[in-house]
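Hi everyone, thanks for coming. Let's take a look at the structure together, starting with a pocket and moving on to a sheet.

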Amino acid sequence: MLIKKSTDIPSSEVTPKSLYLNRRKFLAGATLAGAAAVTGIGLSELSSPSITAQANAKIDGVKPSSLSTKETITPYKDVSNYNNYYEFSTDKYEPAGLAKNFKTRPWTVTIDGLVDKKQTLDVDTIIKMATPEERIYRHRCVEGWSIVVPWVGFSLSELINKAKPTSKAKFVEFTTILDMQQMPGQRGQVLDWPYVEGLRMDEAMHPLALLCFGMYGETLPNQDGAPLRIVVPWKYGFKSGKAIVRIRFTDTQPRTTWAEMAPREYGFYANVNPNVDHPRWSQAKERRLGEFLKRPTLMFNGYDQVASLYTGMDLKKNF
């Protein structure tokens, strides 16, 4: 097991922290947890002292996107206080506090590899490349939980087109910042740092692939990937790299972090597929943050418009 402080019990089957803390009331017949399920109050709101996410700047000129789902949005408090961000901690409740003072300016992103013009751009220059859109996307974690978030950004293809990759470029690789001083989780050996993810070029060019710098109409909180992250809604969450500092175009499939560390458990493609179980748990159902009951997991997380990208592929082998 690579995550040293975890056990063989999947997160999807572990009683949520909030319900554990209120277990005696629940068993005694108290209606607290039931009220959460009925009213939509986030499970994390029922737990003992929670971390308040820092205030963020409003993003002006954001336009709604036709690509958005119409599903109920997960409460901001849940999304900003329950995070998979191993650079800070493997505990999902700790990144919000540990990332509070993370510095996101100055910040530059290097674009290199198989492109006509290798360059290093200031993150704010990138953010101004296109009109920001609000896209309400379902986001699924491999461990069995999911969220619906109004992300703010623009299609990754906008940046790719401006980078002018050569005809030899077949993949795009994304690298997260390596900063052990600011990111305490990187001081351990849970993963091989820095974190690296990648997409096939046609995946990266799909309109759904998002270059993201905000959510809920505001700039990204540090614990959610500020200042710049990728969001690929039809894939499991670990494919959507955070705090990006390098975008490299290559003719060979990138050696991505989880596929390298645990190839039996995490493949390069990481498409949401309820028919492919994780070796240690089922992927057939998921629990939405803020809800009590599980729901069926949808193929490609419900984004059927990407299915044509994988025509002829065996998605049980190319998982």
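What volume does the second largest pocket have? The second largest pocket has a volume of about 280 Å³. A pocket here is an open set of points on a 1 Å grid over the protein atoms alone, where a 1.4 Å probe fits, with protein on both sides within 12 Å along at least five of seven lines. The volume is the space filled by probe spheres set on the points, which are joined across faces, edges and corners.

A word on the source: this is a predicted model, so local features need pLDDT of at least 70 and side-chain atom pairs pLDDT 80 or more, while totals for chains, interfaces and linings use all residues. Residues are numbered from 1 along each chain as its sequence is written, and side-chain values use heavy atoms, leaving out hydrogens and water.

Back to our pocket: 17 residues line it (each has an atom within 4 Å of a point), and Ile 59, Arg 105, Ile 127, Phe 213 and Thr 219 lie nearest its centre.

Now the sheet. Five strands, in the order β3-β2-β11-β6-β7, form an open sheet with mixed pairing. Strands are DSSP runs of E, at least two residues, numbered from the N terminus, and two of them pair if DSSP finds at least two bridges between them. At the edges sit β3 (119–122) and β7 (196–200), each pairing on one side only. Further in, β2 (residues 108–113) and β11 (residues 244–250) run parallel, joined by four bridges. There, Asp 112 stands opposite Arg 248 in β11.
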